[in-house]
Amino acid sequence: MADVAGPEAADPRERRTRPRGIELLLVAVVVGYAGILLVGPLLGLVWGALRGGAGPFWRALTHPEALHALKLTLLLGLAATAINAVLGTCAALVLVRDDFRGKRVLNGLVDLPLATSPVIAGFMLILLFGRGGWLTPAVEALGVPIVFAVPGMLLATVFVSLPFVTRELVPVLEQIGTESESVAYTMGASPWTAFWRITLPAARWGLLYGVSLTFARAIGEFGAVLVVSGSIAGLTETATLFVYRALDERNPVGAHAVALVLALFSFVLLLGMEFFRRRRRRSYRS
Amino acid sequence: MTPAAGSASAATAPAPARKDAAVPRPWGRWGLRATAIAYLGLAVALPLAAVVEQGFSAGLREFWRNVTGPAAADALQLTLLMAAIMTAVNVVFGVATAYVLARYEFPGRGLLNGLVDLPFAIPTLVTGLMLVVLYGPAGFLGRWMEGRGIQVIFARPGILLALLFVCYPFVVRSVQPVLLGAERSEEEAAWTLGASRWKTFWRVTLPEILPAVLTGALLCFARALGEFGSIVIVAGNIPGRTLTAPVYIFGEIESQNPRSASAVSIVLLTISFVMLLLVDAYSRRPKAAGG
Amino acid sequence: MADTRRFAVWLGAISLCVPLLEGCRRGEPADGAASKTTTLLLAAYTTPREAYRDAILPGFERAWKEKTGAAIEFRTSYQGSGAQARAIIGGFEADIAALALAPDIEKIAAEKLITHDWKARPHGGMVTNSIVVLAVRKGNPAGIKDWADLTRSGLNVLTPDPKTSGGAMWNINAIYGAALRGHTGVAANDPAAAAGFLAGVFKNVSIMDKGARESITTFEKGVGDVAITYENEVLTAQAAGEALEYVVPKSTILIQNPAALVDTYVEKHGTRNAAAAFLDFLASPDAQHGFAKFGFRPVDPQVAKEVETKFPPVEDLWTIDDLGGWPKVLEEIYGPQGVWTKVFADKSAAP
């Protein structure tokens, strides 16, 4: 499996050459393609957001509903990431270290959210927790509103961002092996201590990469929360839903401003992702 | 916004645990197992069961009717078609990008390498918005293209563009590590024997990266099937022309046809999931062969 | 390193609790009697958002404060009428549903969420009127004069998707009805000819947005030559500075928008008094004038007379009853063998 199992080159940089002749053309074509595809739209977004000037941009951004939407996005992102980080690690440990019938089914379940369109994810929650839903009597007894309220949006976000921690950790845990842990056990360490002190530190870059992917996915969620939230302004509206509504309300500056904030935040996340990814690859070479 | 695990492949079912593997004491192991099963069971299996139940709740014939109705069938066909075209284009440019990143040194190489992951980080809704701003009737490129009679937004090219953006990293990240880790000796041997660059690539490099290309392509395709956020902004919603399956499902949910929505969802889920299973099975082959 | 990890996990666990707590807190039913602030959840369709936000809701908040001395707070959600009805049926606990057409309210009543006779209110439960018009760009460059122009070859017509948009259904009713009444160039009282005309118009439709509002904003972005829409949508757009005009067809339908309180949820939230008072307010001259300011034709005949000059007259203005009433229309036009259903199916089949 690429990037994890195979041995890396001594130093890839030494094997790269400067392009000559027709190779230059190839590089130009690729750079041009990436530029038009990726950079163009980004620049367009910046232009759209700042077109009316910095004043309207700032005003739109500091509107209470915009701020609430951004705050809600951040909270949902953190919460979903926390849940998936803890439980995803648990699942990864079970998939790698444990053995029982039906383990392959579990593995498939981890992948399922990737194959699921976000609208279907939101729809699933409506089926489970909406009127007449399978779990509705249970939650109603608990008095916790799920659909058209924040908890439902949290569940939707957890679902769509579920696979990443587990998928990143599984190959890393396989790579690490169990020798160090076995040694720790023979020295009398408890499973908890072995996990905290041996396993986790060894897997930390893979885990952090998975966490950053999870967070990025959670922040960007749209389709599922669109279906499940009711889009109540100032209450159940995330940043993406706010952008969607702002487009409807003839508030292009507001839409573009919040979209730009999301894009910039994604950039920062991207830097983090790259950092963790490189650290993880480097940790294999040693 | 579903990045592949840096390895750009589905979670390979891990090798069975060795009996002597260090596992926590029995109660710990059961606790862990129970947690994992509860987590995945409640978070994934249960919602899936709800959709399946809803889709078949009126019987098989009704399910079939919902799936083969005019708008539904068109939406599924369009989705598959757009995904296929996009994947083909993406394979070409993805392999080219991976090759360029792995083999050449040039100013801006690092920036390009980072940018490739951008679609993983950006919300799909923002992607759609950016495309409309740039290619819409009031946008820079949009005005230029409209002058030439090419409509991008609210037409099929717009859908293609959105999918190309969102799925760009899959093939690149799948192929790049293989190129980096590959043995250069065969390539170099081919050059010294007088083969042209292109021939070398075609005969030597390509066969080696083919599994990774296929893996990336399958992931790319599966991802494209479910894309919603960018397409709902950028497409025009006309059945047979610009209405994709996820947007169709959304419409069915909104107009209170849960059974119809479930039926089409099940079809979409099945196709995507089969793709992921293929990726899983395929990416295990080289490991078994290589030992 | 292990300590940092532990800290991170705790931080994550805490941040997990915050949204849960916040969500639960919001979910508590508003106790109108005990607490000082009552919260009403208004679920409306896409079009009247400016009217509610800038005139109606502040007006009611003032009136309520005067009458009871207590404060009232509104939570609002605006989506396509059909989508909103679906949400309410699916568990969206709206106290008041202000939708685009009577059938969407009936859908909610059919699920026993509305248990009173909502039509017994003044004006048959309606709160605003409008008409179906043809929105064009300033100066009417496409030269649209009436319905018949919409079948012109090469024209790009915008109208929303009736699956989710109430406005779209009004549009289709208007086209079909005007054709039946002989104002579109096809033979009058000939359902087949009217259906043919409807198909002809839809041949020119390339985008069907989710709601009336989305449709008009698409038009404003430069897409399309003409948009079939509510009169009040165009007036709102003009007020927002858009360069739009509208053509009033010779024959068009009177759009009537209902509002009702949702019994199940007002009972649950204890907000029945406030909700009923709000509905009374909607029928009051104050609110009717407020709606008129935002381009809605008033349901109150007195107010309608006062704002007459603002709205162009329609030569042949008819209502849904002239098509046989909603139940008949839902069957004949949107039913499984309905006129629209067939047009839509043919459109999908066509290349």
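**Close-up views of a predicted complex**

View 1. A distance of 28 Å separates the C-alpha centres of domain 1 of chain C and domain 2 of chain C. Domain 1 comprises residues 8-128 + 257-306 of chain C, and domain 2 comprises residues 129-256 + 312-349. Their contact draws 24 residues from domain 1 of chain C and 23 residues from domain 2 of chain C.

**View 2. The side of domain 1 of chain C that touches domain 2 of chain C.** Two or more residues of this side are supplied by each of α3 (81-89), α4 (102-110), β4 (126-137) and β10 (297-298) of chain C. By class, this side of domain 1 of chain C holds twelve nonpolar, nine polar and three charged residues.

**View 3. The contact between chain A and chain B.** Chain A contributes 100 residues and chain B contributes 94 residues. On the side of chain A that touches chain B, helix α2 (residues 22-50) of chain A gives the largest share, with 16 residues. That side of chain A consists of 67 nonpolar, 15 polar and 18 charged residues.

**View 4. Predicted confidence in chain C.** The average pLDDT of chain C is 86, and 89% of its residues score at least 70. Strand β3 (residues 96-98) of chain C has the highest confidence in the chain, at 96, whereas helix α1 (residues 2-27) of chain C has the lowest, at a mean of 50. Over residues 22-34 of chain C, pLDDT remains under 50, and the model has 27 contacts beyond four places in sequence for this stretch. Where pLDDT is low, predicted coordinates should not be read in detail. For the complex, the predictor gives an ipTM of 0.84 and a pTM of 0.82.

Key. Residues numbered from 1 in each chain as written. Chains lettered and ligands numbered in written order. Predicted model: local features only at pLDDT ≥ 70, side-chain atom pairs only at ≥ 80, totals over all residues. Domains from an automatic or database assignment. Contact = placed C-beta atoms within 7 Å. Helix = DSSP H or I, 4+ residues; strand = E, 2+ residues; numbered from the N terminus. Nonpolar A, V, L, I, M, F, W, Y, C, P; charged D, E, K, R; others polar. pLDDT = per-residue confidence, 0-100.
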